[in-house]
Amino acid sequence: TPDFYGPRMASMWAVVVNGFTMDLSMSAYLAAPVLIWLGVIVWVSKKGMLTALKAYTWVAASLIGASFCLDLILYPYWGFRLETTPIFYFTSSPKAALASIAWWQAILMLVGTCVVIGAVYRFLALTFRLAMPLSPCRRRGLCTALVAVVAGLMIIPIRGGVTVSTMSPGRAYFCDDMALNNAAVNPLFNFVYSLSHANRLAESFNYFSDSEASKLLSELTAKTSPGDSLLVSVSGKPDVYLIILESFSAQLMPSLGGDPIAMRLDSIAATGLSFSNFYAESFRTDRAIATILGGYPALPSTSVLKYANKFGNMPSPTRALAQNGYETGYYYGGDINFTNLHAYLVATGFANIVSDRDFPVSERLSKWGVHDHVLFNRVLDDVRKRPSDRPYYTVIQTSSSHEPFEVPYKHLADERANAFAYADSCLGAFVDSLAASPRWSNTLIAIVPDHWGAYPQGLTDRRARHHVPFVLTGGALRGARAVIDTPGSQSAIMPTLLGMLGLDTSGLYMPRNMLSTSPYGQYAWLTEPEWFALITNPADSLRTIYTDRAADNSQSPLARRAKAFVQSVYDDLDRR
């Protein structure tokens with residue numbers, strides 16, 4: 001849009017200048033095999049070597065073309081440059097990975113990629129033809145020595161200079177406008193970098209010694225004392241419903257300063273507890289699952305669900321609930337194997353898992369599986385069949401308010417807003433049905449989005465983008481209805497719910513209860529692939545710390561605490 005691109009056009013030269021060294025580094029990586037080829041061709045038969053060069057040219061052209069075209073398609077959805085996440089998504093479920101993209105976009109991407117690969121190949125082939133000798137050099141020793149010297153000099157652009165720090169995506173960052181920073185980042189370099197750093201957890205974000213990091217985190221990690229009172233509580237063992245809403249944001253609710261779109265959720269919030277200063281910790285569902293269900297803080301550069309070998313050692317509130325007599329169930333209308341979700345649910349203790357394969361084909365009308373009203377109706381049907389002599393913990397993950405926002409509901413002209421209004425109506429009907437049931441007085445409902453909001457489109461303000469609703473309601477609530485402005489984020493949801501139920505939270509990573517009167521552990525944690533932030537006070541300005549910027553030397557107390565926090569989470573995940 002003009003208001004997005006217009007002010008940035010004047011900075012295009014700065015984008016080119018600051019991204020040049022990264023482009024040069026990627027070019028050096030691609031040129032290195034050609035240098036080896038030059039050093040060898042003077043000693044061996046030319047015919048086989050020309051075939052090898054042609055094959056390599058196709059490989060290089062394919063890497064360049066595919067990375068740039070895929071990045072061009074995905075960036076409007078993600079807001080960051082290409083990295084390894086598409087591989088993780090596509091290998092777990094190709095259908096789900098492509099669900100966000102319209103059919104014409106998929107065809108356009110395929111055709112565009114082929115065209116770009118062909119053009120790049122022709123360019124490289126012409127360049128090599130002009131640059132390479134037509135016959136082997138007679139002075140083989142001199143040629144080999146020259147190639148060796150040039151290859152040695154290539155280390156400089158590959159490393160990004162002669163200083164201690166090596167080339168990384170953060171080297172291209174030059175301002176506080178992430179759109180401009182992203183424009184300077186080479187997508188192929190970013191992909192290769194994320195691939196090479198995918199499993200180096202213990203080496204990630206090492207800012208302090210272990211003892212210094214622990215000291216900085218002391219106020220954040222202080223456990224709630226058994227003597228601390230709660231603002232509200234519940235009696236007995238109520239049925240617990242955790243509803244995870246796809247892509248909802250605070251901008252959908254008038255009570256949180258948003259537009260009048262999610263009016264049912266707004267009215268539900270008025271019947272219980274509404275957290276007005278609550279934040280999503282990440283930007284995609286797979287990165288939010290372990291945070292919401294396991295109370296494990298989100299990570300800026302990776303997803304816990306990538307590490308299936310660690311699932312059995314992850315904190316599990318679900319197992320704690322099961323050990324206290326709860327029947328556990330998970331309802332999702334889409335592909336349950338997408339991003340290792342099924343494996344994570346099984347490993348962390350969910351006994352009854354319902355997904356798209358449990359619905360007839362005639363009801364799988366959405367690109368993501370079944371529409372939300374079908375999913376909620378299935379939950380209600382199962383609820384009616386449940387014995388009344390045991391408590392239930394039920395998680396419901398919606399999907400209709402996701403790109404491409406195609407829903408069986410036509411109440412608003414804006415397609416995106418209409419999808420959220422539809423999901424909101426399904427949520428409202430579900431809560432109404434529970435409220436009319438005999439078990440309502442023994443029901444606790446927690447409602448939260450899975451990640452940052454997708455409404456309005458193109459929201460660039462970081463704090464507003466992560467600002468989401470969190471609502472507690474149900475007949476089991478004991479205490480005053482209120483709006484709570486204490487900062488909080490998704491990894492505090494399960495510690496809070498377990499605390500309300502009087503269950504042990506010591507096994508969780510940071511067992512903070514947002515309803516405790518204790519001043520400790522009240523904070524919000526926000527992450528994206530390029531930055532992370534900590535909010536400890538409603539009045540805090542959002543000071544983001546770039547994850548890969550070598551020049552990031554912020555020494556404010558809050559910045560140091562945020563760095564210690566991210567370091568401790570990566571170290572913990574590495575040990576599990």
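Residues are numbered from 1 along each chain as its sequence is written, and side-chain values use heavy atoms, with hydrogens and water left out. In this predicted model, local features need pLDDT of at least 70 and side-chain atom pairs count only at pLDDT 80 or more, whereas totals for chains, interfaces and linings use all residues.

Helices (H or I, at least four residues) and strands (E, at least two) are DSSP runs, numbered from the N terminus. Two strands are taken to pair if DSSP finds at least two bridges between them. Eight strands form an open sheet with mixed pairing, in the order β6-β5-β7-β2-β8-β9-β3-β11. At its edges are β6 (352–354) and β11 (482–484), each of which pairs on one side only. Direction ignored, neighbouring strands of this sheet are turned by 15° against each other on average. Strands of a sheet pair through backbone hydrogen bonds, in either a parallel or an antiparallel sense. The antiparallel sense applies to β8 (residues 443–449) and β9 (residues 471–473), which pair over three bridges. Within this pair, A446 has L472 of β9 as its bridge partner.

Axes are lines fitted to C-alpha atoms, for helices over the stretch in contact, and angles run from 0 to 180 degrees between N-to-C directions. Helix α13 (residues 263–270) lies across β2 (239–245), β3 (273–275), β8 and β9, and runs at about 60° to β9. Helix α18 (residues 415–435) lies across β2, β7 (392–397) and β8, with an angle of about 175° to β2.

Residue V240 belongs to strand β2. Accessibility is classed as buried under 20% relative accessible area, exposed over 50% and partly exposed in between (1.4 Å probe, protein chains only). With a relative accessible area of 2%, V240 is buried. Its contacts, leaving aside neighbours within four places in sequence, are Y326, Y392, Y393, T394, L444, L497 and L501. For V240 and Y392, a separation of 152 residues in sequence goes with a C-alpha to C-alpha distance of 6.2 Å.

Most residues other than glycine have a negative phi, and most peptide bonds are trans. A cis peptide bond joins E403 to P404, with omega of about 10°; P404 lies in the loop between β7 and α18. Another cis bond leads from Y455 to P456, with omega near -5°. The loop that holds P456 is the one between β8 and α19 (462–466). Positive phi values occur at T339, which is not a glycine and has phi of about 55°, and at N340, also other than glycine, with phi near 65°. T339 is in the loop between β5 (327–332) and α16 (341–347), and N340 is likewise found in the loop between β5 and α16. T339 counts as buried at 6% relative accessibility, while N340 counts as partly exposed at 24%.

A salt bridge is defined as a side-chain nitrogen of Lys or Arg within 4 Å of a carboxyl oxygen of Asp or Glu. By this rule the count is 10 salt bridges. One of them is formed by E281 and R512, with the closest N and O atoms 3.6 Å apart. This pair links distant parts of the chain, 231 residues apart: E281 is in the loop between β4 (278–279) and α14 (285–294), and R512 in the loop between α20 (493–500) and β13 (524–528). E281 is buried at a relative accessible area of 0%, and R512 is buried at 3%.

Helix α17 (residues 372–385) contains D382 and R378, which are four residues apart and so separated by about one helical turn. Their side chains meet in a salt bridge (3.2 Å, N to O). D382 is buried, with a relative accessible area of 16%, whereas R378 counts as partly exposed at 24%. D381 forms a salt bridge with R384, with 3.0 Å between the closest N and O atoms. Because D381 and R384 are three residues apart in helix α17, about one helical turn separates them. D381 is partly exposed at 37% relative accessible area, and R384 counts as exposed at 60%.

Methods. Contact means heavy atoms within 4.5 Å.
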